[in-house]
Structure formats: structure tokens, C-alpha cells
Amino acid sequence: GGYVDESSYFYSMEKYSDIYLKWNKTDSLSSKQVPPSLFLDKRKILKKIDLGNKILFLTTNCHLYSLRVGPSPISTTMVEEQKEWIDFLKKIIKVNEFNLKVRVHPRDNWNFKKIFLENFEKNLLSKKKKLEHEIKSSKLIINTTLQTTFIESMKSGVPTIVINKGFTVDVPSPVKLILKKLSHNNILFHDFEKALNHISKIQDDPLLWWNSNQIQEIREDFASCCSLEANDNFRFWTESLRKI
């Protein structure tokens, strides 16, 4: 899962594996790219009638004590990160009149839910059991990490951005290229204010931006790099395993 995991473990899995199946393109000779096993369906292109009416903010989580090198935030850097989330959400509520839902990571090691409830009404918290149901009722998704939830959001067809302040790990060169494209096309942000400005511009009709030819090309590039889509994803997996 994800696509920054190899350097988190100093590329150990590639080094001790004869064949390493993973979702993203990589420089490793032992790796073979396969479609994401959790999301075998192809990415969707939605119409305005298919969208919900709210912004969905997805939080991330990290261990209290780091057990590996990982994508930011790690360890106590989460404290400052959560403060920025609160400030960002306050500005969204103040500037915009549409609905907002916040979905706290199920492993809430840093008690963000408690911090959130000290600043906002309880009804802003997501109550849906499954993330996919929350995604389907959204008009815009804001991710806070470049991990599996971001891939799921990108495949959903709902306009998606991610705010991630940087990396504490190296990423494969093919992924570096796609991250630059995401950043240059207002999908990946390293600054909360810039993200807020973009949201303000697209809030009336986010699909006008998301379904543009330019963004569709970026989504296709992202899928090719980080969430491969074959003609038959399940068949691709079975044939790959048979060849091992």
C-alpha cells in the first residue's frame, strides 16, 4: 500500500525479495508494478449530479514513538500539524457556507478528535461507518497524507486535493515526477493558505476544474505511476502470480 514505504525501511523489502509486488513504479529491479489490490475498479469520471454537497477533510495519524523513518508528520511533529489543521478548518468554516465533514483517522494516537471537539461542533464529525460512503456524499476531498486514502480519493472521481508539508523519506524517481505534476496543477499543496485560496476559487463547481482536460491527463499519469489500471485488473494479478 501507499508508495513511499520502501525508503521507510531503507529499501530492505526490495533487497531481500526475488520479486516484490507493489502499486507504484519504482527504480528497483526486483519490483513489479501491479494494480492496487484494495481498489481493483478503474478511476471514475463523475458528473455534477453525482457529487454530494460537502467538503470532506481526512486526517492522518502516526505512532507516538516512531518505529521507522516515515512520511511526515512523524512523532511530535504531529502536534504542530494538528494546530494547523484546526486553523485551516476555522478559515474554511468562516469563509465558506457549504457543509464540512471531518473524518478522524481510526487510530487517533494524538487525540485529534478531543482537540477538534474543543474547537468545533460535534455535528461536523463524520458518522458514516465506511469511508467510501463519506466520499460519495462529498463535493471535494481534502487529504492530509499521500497514502492509501489519497489513492482511493483520486479513483473516486470526486475532486481531490492533498496538503502535505513535505517528506522525511526519499521517493522513487517516477513518483517524484508525478508529485511535481500534482503540485503544479493544484492537487498537491505544501501550504495551507495556498490550498485555501484554491478551494475558494473552485468551490462553486469543483468538477469544472477537476474534469478539465489538463487535470484528467494528470489523473491518468498518476494512475499509471501509483495505481496501475489494466484492462482487467484481477486477471493482471492472477497472471502475474502464475509467472512467479
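Good morning, colleagues. The model is predicted, so local features are given at pLDDT of at least 70 and side-chain atom pairs at pLDDT 80 or more, while totals for chains, interfaces and linings use all residues. Residues are numbered from 1 along each chain as its sequence is written, and side-chain values use heavy atoms, with hydrogens and water left out.

I begin with the whole chain. The protein has 11 helices and seven strands; these are DSSP runs, helices being H or I of at least four residues and strands E of at least two, numbered from the N terminus. The radius of gyration is 18 Å, which agrees with the value near 18 Å for a compact globule of 244 residues. That radius is taken over C-alpha atoms, and the globule rule is 2.2 Å times the number of residues to the power 0.38. Along the principal axes, the C-alpha atoms fill a box of roughly 55 × 45 × 35 Å.

Of the 244 residues, 49% are buried, where buried means under 20% relative accessible area, exposed over 50%, and partly exposed in between, with a 1.4 Å probe and protein chains only. Among contacts with a separation of 6 or more, 71% join residues 24 or more positions apart; a contact means heavy atoms within 4.5 Å.

I turn now to the sheet. In what order do the strands of the open sheet run? The order of its five strands is β4-β3-β5-β6-β7, and the pairing is parallel. At the edges stand β4 (99-103) and β7 (188-189), each pairing on one side only. Two strands count as paired if DSSP finds at least two bridges between them. In general, strands of a sheet pair through backbone hydrogen bonds, either parallel or antiparallel.

Strand β5, residues 138-143, pairs with β6 over three bridges in the parallel sense. Asn 143 has Val 162 of β6 as its bridge partner, and Ile 142 stands opposite Ile 161. Strand β6, residues 160-163, is covered on both faces: Thr 160 and Val 162 are buried on one side, and Ile 161 and Ile 163 on the other.

Finally, the backbone of two loop residues. Most residues other than glycine have a negative phi. Ser 75, in the loop between β3 (54-58) and α3 (77-95), has a positive phi near 50 degrees. Asn 111, in the loop between β4 and α4 (112-117), has a positive phi of about 55 degrees. Its relative accessibility is 46%, so Asn 111 counts as partly exposed.
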